[in-house]
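Reader: I am new to this structure and would like to understand the terms used to describe it. Could you take me through them?

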Amino acid sequence: MTPTTFRELYHVVREHPGPALFTDVLSPWLDEHAAAARELLAPLAVCGEWQRTEYVWGDLLEQAYALSRISDLLLLGFQPGLPAGTTTPWAHQLHLPEHDVRVTAEEYFGFLSALGLRRVEVARFDPFFHEIAAVEQSDDPDAPIEIVAERWPCLMFGELLFGRAGVAVRAGERRATAGIADRSMLEDTFLRRHRPTNDGSLGWGHNSQWRTAFRRDYLTADDYRFNVDANVDIDEESPFSDVELTPAERRDLVRHRCAVIRSEHLPEDENPVLDWRLTVPRE
């Protein structure tokens, strides 16, 4: 029987052992549910159109989160493994499938484009659109971050960022440090094969983990709006954080979702709770 919800589809995708995941699972699911899924997600496409005024189990933020978990599974085939000698991340112990989850780039985009998402290509590195997946260190420590290759695409749903592009970059160590920008804990992210990740689902039970809300970043006509559902403005003190960060470190952490350079304030394997929202005017 074809799964109905994103949550049910996630489990089927995770457990499917064969090489024909798109043909066997994703394509039949789209035939039955794509139109309803697009209609369900539509209120999230415009910044400010939908707000969580009270908690309801399985609301739009939880539905979008479940879809993002499917996306993260499908992206595993585009990522390298952990470096030798690396401690196995907790997210891997809980969620990494024992078998390969494989789709082609065309199948990955085909599945999500059928749900109304569009691909966005930005040539110049921007942490709104790009997640650093690999770093080639430049001899010049102040060399800016430049994209060398794209591993997987950036996808948006209207103004809403669904998933950043995974990119290999070249940069000076004072802009993006190899082994940190591409290997440190990645926040508000369910799963990556090559690095530790953390989101609100980790450590919760079979049902409770699905109460996790999708982090919303929007690109409006005037602004980049990061983490719009956070409770605290970037320049206010977060009641959830006991880590002393500089204003620049706060902004980088919210924009990149991880440490990108060495910091005496920020350990590479743990981040403060990202309960800050940030608005940056478009140039």
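Author: Let us begin with Arg52, which touches Asp59, Leu61, Glu62 and Ala213, leaving aside residues up to four places away in sequence; contact means heavy atoms within 4.5 Å. The model is a predicted one, in which local features need pLDDT of at least 70 and side-chain atom pairs count only at pLDDT 80 or more, while totals for chains, interfaces and linings use all residues. Residues are numbered from 1 along each chain as its sequence is written, and side-chain values use heavy atoms, with hydrogens and water left out.

Reader: Where does Arg52 lie, and why is Arg52 called partly exposed?

Author: Arg52 belongs to the loop between helix 2 and helix 3. Helices (H or I, at least four residues) and strands (E, at least two) are DSSP runs, numbered from the N terminus. The relative accessible area of Arg52 is 31%. Buried means under 20%, exposed over 50%, and partly exposed in between (1.4 Å probe, protein chains only). Arg52 is therefore partly exposed. Arg52 and Ala181 stand 129 residues apart in sequence and 32 Å apart in space, C-alpha to C-alpha.

Reader: What makes Leu26 count as buried, and which residues does Leu26 touch?

Author: Leu26 lies in helix 2. Its relative accessibility is 0%, so Leu26 counts as buried. Not counting residues up to four places away in sequence, Leu26 touches Leu9, Val13, Leu21, Leu74, Val103 and Phe111. From Leu26 to Glu107 there are 81 residues in sequence and 8.9 Å in space, C-alpha to C-alpha.

Reader: Why is helix 1 called roughly antiparallel to helix 2?

Author: The axes of helix 1 (residues 6–15) and helix 2 (residues 21–41) come within 11 Å and cross at roughly 165°. Axes are lines fitted to C-alpha atoms, for helices over the stretch in contact, and angles run from 0 to 180 degrees between N-to-C directions. Angles under 35 degrees count as roughly parallel, over 145 as roughly antiparallel, 65 to 115 as roughly perpendicular and the rest as oblique. Helix 1 is therefore roughly antiparallel to helix 2. The crossing of helix 1 with helix 2 is left-handed (the near helix is turned anticlockwise from the far one by less than a right angle; clockwise would be right-handed). Helix 1 contributes Phe6, Leu9, Val12 and Val13 to the contact, and helix 2 contributes Leu21, Val25, Leu26, Trp29, Ala37, Leu40 and Leu41.

Reader: How is the contact of helix 1 with helix 2 divided by class?

Author: The contact of helix 1 with helix 2 has eleven nonpolar, no polar and no charged residues. Ala, Val, Leu, Ile, Met, Phe, Trp, Tyr, Cys and Pro count as nonpolar, Asp, Glu, Lys and Arg as charged, and the others, Gly among them, as polar.

Reader: What makes helix 1 roughly parallel to helix 3?

Author: The axes of helix 1 and helix 3 (residues 60–75) come within 8 Å and cross at roughly 15°. Helix 1 is therefore roughly parallel to helix 3. Their crossing is left-handed. Phe6, Arg7, Leu9, Tyr10, Val13 and Arg14 of helix 1 meet Gln63, Ala66, Leu67, Arg69, Ile70, Leu73 and Leu74 of helix 3. By class, the contact of helix 1 with helix 3 has nine nonpolar, one polar and three charged residues.

Reader: How do you know that helix 2 is roughly antiparallel to helix 3?

Author: Helix 2 and helix 3 pack at about 155°, their axes 14 Å apart. Helix 2 is therefore roughly antiparallel to helix 3. Leu21, Leu26, Leu40 and Leu41 of helix 2 make the contact with Leu60, Gln63, Ala64, Leu67 and Leu74 of helix 3. The contact of helix 2 with helix 3 comprises eight nonpolar, one polar and no charged residues.

Reader: Why do the buried residues of helix 1 line one face of the helix?

Author: The buried residues of helix 1 are Phe6, Leu9, Tyr10, Val13 and Arg14. Seen down the axis, they fall within an arc of 135°, so they line one face of helix 1; the arc is that of the directions from the helix axis to the C-beta atoms. Their cover includes helix 2, helix 3, helix 4 (90–95) and helix 5 (105–113).

Reader: Is Asn227 buried or exposed?

Author: Asn227 has a relative accessible area of 7%, so Asn227 is buried. Asn227 is found in the loop between strand 10 (223–226) and strand 11 (232–233).
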